[in-house]
Amino acid sequence: MRIAVIPGDGIGKDVTAEAVKVIRVVGEVFGRPFDLELLPYGADHYLETGISLPPNGSVMLRDEFDAIFIGALGDPRIPDMRHARDILLGIRFELDLYINHRPVRLLDARLCPLKDRGPADVDLVIFRENTEGLYVGVGGRFKPGTADEIAVQEEINTYKGVHRIVKHAFDYARARGLKRVCMADKSNAMTHGHALWQRVFEELTPGYAELEATHLFIDALAMQMIKNPAQFDVIVTNNMFGDIITDLGAQLQGGLGMAASGNLHPGRTSMFEPVHGSAPKYAGRNVANPMGAILSAALMLEHLGLHDEAAAIETAVRQAVVSHNGPAEIGGSLGTRETGDYIVGRLMAPMNHKP
Ligand code: IPM
Ligand code: MN
């Protein structure tokens with residue numbers, strides 16, 4: 001299997017080094033090594049060459065690799081985030097990775113900021129639409145920089161786009177034997193675009209009679225995720241709302257450093273990244289939590305059909321968390337590298353895998 005690795009910027013480089021270590025070891029342990037190719041795209045490369053992602057970059061990634069792993073993108077020297085948008089949003093849009101799959105799973109009760117909540121209460125998946133909505137860049141600025149400035153940012157919702165993400169949420173719940181799918185929109189205020197979400201949800205619901213399909217307005221959903229996260233199995237929502245509630249979800253599982261994600265198009269080269277950003281002030285200081293990146297690697301292997309390898313990584317991360325063998329974010333005292341080493345050690349422990 002060929003995997004493109006783009007460590008990117010800031011702590012992205014730190015956590016990716018650990019994810020790479022884990023992927024290599026899991027490949028050896030299971031006797032199925034991975035061919036990892038490190039690619040330089042990120043702020044340094046952009047500032048040196050003026051190239052964020054080469055013109056045919058997405059097509060090259062699609063055609064030459066089975067999966068793409070990204071660390072994080074963002075650098076204060078590029079305030080408009082041009083390179084991050086080109087690379088991250090570029091790959092999402094050009095490869096049509098319409099599913100942003102973001103699990104919210106608490107591994108240890110003590111990591112949850114909510115009172116009296118444990119792993120059984122926080123175990124859900126958020127599907128964020130990943131190719132349209134407010135992220136399409138449609139709009140413009142009229143008289144920019146003046147007192148008369150008008151800024152327009154249009155939200156695009158298509159029948160095809162809404163249908164395929166909502167259908168994926170239902171299909172995922174059915175395939176995993178989960179019971180509940182909640183769709184969140186703001187159709188009480190956004191009466192054009194989100195009426196389409198309502199229509200599609202109503203169209204699809206009867207086809208999944210065994211599932212409990214519910215709807216919440218996004219503000220109420222945010223409240224309910226705090227009030228009682230145990231009520232959710234699968235949440236599906238649009239691009240912007242999904243961006244916001246997955247940061248909320250990350251906190252429920254112990255912080256941004258714990259959260260994993262996959263940008264998927266079933267059957268095509270997909271991209272995996274931790275939810276966190278590049279956190280420049282922590283870069284290179286051996287303090288970032290690599291667990292979200294390592295769990296993103298597990299998601300990637302799962303997507304590639306390597307279920308045992310993915311499960312072994314998840315087990316090793318869970319063992320690290322419950323034994324406090326991790327960075328300060330999980331209440332431990334290990335650095336980024338030592339956390340990676342500990343997880344690698346667990347992976348190599350014979351009772352943790354069945355090669
Ligand atoms: C995310 C990030 C990105 C997004 C940014 C960096 C454009 O916040 O992956 O959640 O908004 O999608
Ligand atoms: Mn985000």
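User: Which residues does T237 touch, not counting residues up to four places away in sequence?

Analyst: This is a predicted model. In it, T237 touches F127, R128, E129, A184, W197, I218, G242 and I245. Contact here means heavy atoms within 4.5 Å. T237 itself lies in strand β10, which covers residues 234-237.

User: Why is T237 called buried?

Analyst: Its relative accessible area is 0%. Buried means under 20%. The value for T237 falls under that cut-off, so T237 counts as buried.

User: Why does H324 count as partly exposed?

Analyst: H324 has 37% relative accessibility. Buried is under 20%, exposed is over 50%, and partly exposed is in between. The value for H324 lies in between, so H324 is partly exposed. Its place is the loop between α10 (307-322) and α11 (336-348).

User: What is noted about the phi of D116, and what about the phi of H324?

Analyst: D116 has a positive phi of about 55° and is not a glycine. H324 is not a glycine either, and its phi is positive at about 65°. Most residues other than glycine have a negative phi.

User: Now the whole chain. How many helices and strands does the protein have?

Analyst: There are 11 helices and 12 strands.

User: What makes the protein as compact as a globular protein of that length?

Analyst: Its radius of gyration is 20 Å. The globule rule gives 20 Å for 355 residues. The two values are close, so the protein is as compact as a globular protein of that length. Its C-alpha atoms fill a box of roughly 55 × 50 × 40 Å along the principal axes.

User: What share of the 355 residues counts as buried?

Analyst: The share is 54%. Each of these has under 20% relative accessible area. The accessible surface of the protein comes to about 15200 Å². Carbon and sulfur atoms hold 54% of that surface.

User: How many of the contacts between residues at least 6 apart in sequence join residues at least 24 apart?

Analyst: The figure is 74%.

User: And where do the charges sit on average, positive against negative?

Analyst: The mean positions of the 35 positive and 44 negative charges are 2 Å apart.

Technical notes: Residues are numbered from 1 along each chain as its sequence is written. Chains are lettered from A and ligands numbered from 1 in the order in which they are written. This is a predicted model: local features need pLDDT of at least 70, side-chain atom pairs count only at pLDDT 80 or more; totals for chains, interfaces and linings use all residues. Side-chain values use heavy atoms; hydrogens and water are left out. Helices (H or I, at least four residues) and strands (E, at least two) are DSSP runs, numbered from the N terminus. Buried means under 20% relative accessible area, exposed over 50%, partly exposed in between (1.4 Å probe, protein chains only). The radius of gyration is taken over C-alpha atoms; the globule rule is 2.2 Å times the number of residues to the power 0.38. Accessible areas come from the Shrake-Rupley method with a 1.4 Å probe; for residues, only the protein chains shown count as cover. Lys and Arg count as positive and Asp and Glu as negative; His and the chain ends are not counted. The place of a charge is taken as NZ of Lys, CZ of Arg, CG of Asp or CD of Glu.
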